[in-house]
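Hello,

Here is the structure I promised to pass on to you. My notes on its strands and how they pair follow below.

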Amino acid sequence: MKYIDEFQDPALARRLLDDIAATVTRPWALMEVCGGQTHTIIRHGIDQLLPEGVELIHGPGCPVCVTPLEVIDKALEIASRPDVIFCSFGDMLRVPGTGRDLFQVRGAGGDVRVVYSPLDALRIARQNPDREVVFFGIGFETTAPPNAMTVYQAKKLGIRNFSLLVSHVRVPPAIEAIMQSPSCRVQAFLAAGHVCSVMGTDEYPELADRFGVPIVVTGFEPLDILEGVRRTVRQLERGEHTVENAYPRAVRAEGNPDARTMLADVFEVTDRAWRGIGTIPASGWRLSERYREYDAEHRFSVTGIDTREPAACRSGEVLQGHLKPHECEVFGTACTPRTPLGATMVSSEGACAAYYLYRRLDLTPRTAPRQEAPVV
């Protein structure tokens, strides 16, 4: 299958690995910013095949994982109301809030439905004019355009019983926050190709120049990852720090102009909290004033929420790249996909889930002191 088989060719992978090994003369630490890339790396053992000294650090690229606990708890409260139909993608239903998740809300009688598109939720709203229908809109720049289009359609069609619970985040401010952290070890980034397919690469050159880090836009198949690593290491060895597009079959410099126009109309940039990390300035979106009536946080007055993360959970350190999942004391024991303490264990793009799924179960943690301070 085109773009599948040819990007999983073992012979080409070996050639790329040999090229990387021939280029490296010193240790380097690279961060992939996408949870999909993390799963490819762990599934295919790419991190174990790379030359000694080339370390891949898993970044905060899982949209489910960085959705703040306060928003999860607001979703649980709204979904519990008898007049609400709460719609979400399936990967949010097992994400733990404070003491429960959306599956448990549904088990207790809440009308929680899994949908495959935000437009499904809009259709449900048209079919149930006497109920409030809320769609849980989370994620990076990739899921924001369809959510924006859905709100645009709701306003255009005059559908008043639909609203969006928004928790969208943006990648470039997260890269900036990571580089400003006193404990940062990252020397280069593999940028998420699907994000850049929407937003283009305009925001990255300034970051590469300011922090002196190469940024290589990378895809998701094994050869995509290896090519991204090869280009990144080559820049590091030469003392360069430019933005390269190693995913030209999907990414253009300007991104998707129509999607960007829709985002600019429906959303506005705002500060956003990231679960396990803290608040990053200008790192998210909220509905603009024109569409504020469709904001579920404004429509439902949810107050007095007492959010509490499990004391044993170290997913915030995993998201910041301070800790590998199997180095956490409760990984694979108290924290499993069936009994997750944090979103990184339950999400389909979470680093902890990848390590568990692909049997990286070395349960003897190294000495890894807790990183109490957030990245910002």
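**Strand 1 and its sheet**

Strand 1 is covered on both faces: Trp28, Leu30 and Glu32 on one side and Ala29 and Met31 on the other are all buried. Buried here means under 20% relative accessible area, with exposed being over 50% and partly exposed in between, using a 1.4 Å probe and protein chains only. Since five of the five residues of this strand (residues 28–32) are buried, it is largely enclosed by the rest of the structure.

Before going further, please note that this is a predicted model, in which local features need pLDDT of at least 70 and side-chain atom pairs count only at pLDDT 80 or more, while totals for chains, interfaces and linings use all residues. Residues are numbered from 1 along each chain as its sequence is written, and side-chain values use heavy atoms, with hydrogens and water left out.

Strands (E, at least two residues) and helices (H or I, at least four) are DSSP runs numbered from the N terminus, and two strands pair if DSSP finds at least two bridges between them. Strand 1 pairs with strand 2 (residues 54–58) in the parallel sense over five bridges, and Ala29 stands opposite Glu55 there. Strand 1 also runs parallel to strand 7 (residues 188–192), joined by three bridges; Glu32 has Leu190 as its bridge partner in strand 7.

Which order do the strands of this open sheet follow? The five strands run 2-1-7-8-9, with parallel pairing. Strand 2 and strand 9 (243–245) are the edges, each pairing on one side only. Strand 8 (residues 215–218) meets strand 9 in the parallel sense over three bridges, with Ile215 partnered by Val243.

Strand 6 (residues 162–169) has eight of its eight residues buried, so it is largely enclosed by the rest of the structure. Phe162, Leu164, Val166 and His168 point one way, Ser163, Leu165, Ser167 and Val169 the other.

Strand 5 (residues 132–139) pairs with strand 6 in the parallel sense over seven bridges, and Ile138 has Ser167 as its bridge partner.

In strand 11, Trp285 is the bridge partner of His168.
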